[in-house]
Amino acid sequence: MPAFAGPDPSVYQSGNFNASHTRMSKRGSRVLRYALINATHNVVKNNATFKAYYDSKMSEGRSHYNALGHCAGKLVRIIFKMLTSDVPFNLE
């Protein structure tokens, strides 16, 4: 599902070589990706789980926007699960 929204990592490989550092693929909608990154920025500031995930990515040596991209992918997976799950979520 993150591939549709665009914050998935691109793959660069040739033969036995696998690149360790790749960029965001940007296959999805530019507007959706922009909205997700902005929403993720606010979620990281206000949610302890996302803040811990963001801090773990920053401690790995990633840049701010790279860590936000990882958090945006996590947010997309959570939103997708909420939309496709039969269990009602209580948002109160």
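Start by selecting H2 and H4: these two helices pack at an angle of about 95°, with their axes 9 Å apart. Here an axis is a line fitted to C-alpha atoms, for helices over the stretch in contact, and angles run from 0 to 180 degrees between N-to-C directions. Helices are DSSP runs of H or I, at least four residues, numbered from the N terminus. H2 and H4 are therefore roughly perpendicular to each other, a label for angles of 65 to 115 degrees.

Before you go on, know that this is a predicted model, where local features need pLDDT of at least 70 and side-chain atom pairs count only at pLDDT 80 or more, while totals for chains, interfaces and linings use all residues. Residues are numbered from 1 along each chain as its sequence is written, and side-chain values use heavy atoms, with hydrogens and water left out.

Now show the side chains where H2 meets H4. On H2, pick Leu36, Ile37, Ala39, Thr40, His41, Val43 and Val44; on H4, pick His64, Leu68, Gly69, Cys71, Ala72, Leu75 and Val76. Contact means heavy atoms within 4.5 Å. What classes do you get? This contact has 10 nonpolar, 4 polar and no charged residues. For the classes, Ala, Val, Leu, Ile, Met, Phe, Trp, Tyr, Cys and Pro count as nonpolar, Asp, Glu, Lys and Arg as charged, and the others, Gly among them, as polar.

Zoom in on Val43, Val44 and Asn46 from H2, and on Ala48, Phe50, Lys51 and Tyr54 from H3. Sorted by class, this contact has 5 nonpolar, 1 polar and 1 charged residues.

Last stop: select Lys74. Which rings does it sit over? Its charged end is over the ring of Phe50, 5.8 Å from the centre, and Lys74 also lies over the face of Tyr53, at 4.6 Å from the ring centre. To count, NZ of Lys or CZ of Arg must be within 6 Å of the ring centre and within 35 degrees of the ring normal.

Conventions. Parallel < 35°, antiparallel > 145°, perpendicular 65-115°, else oblique.
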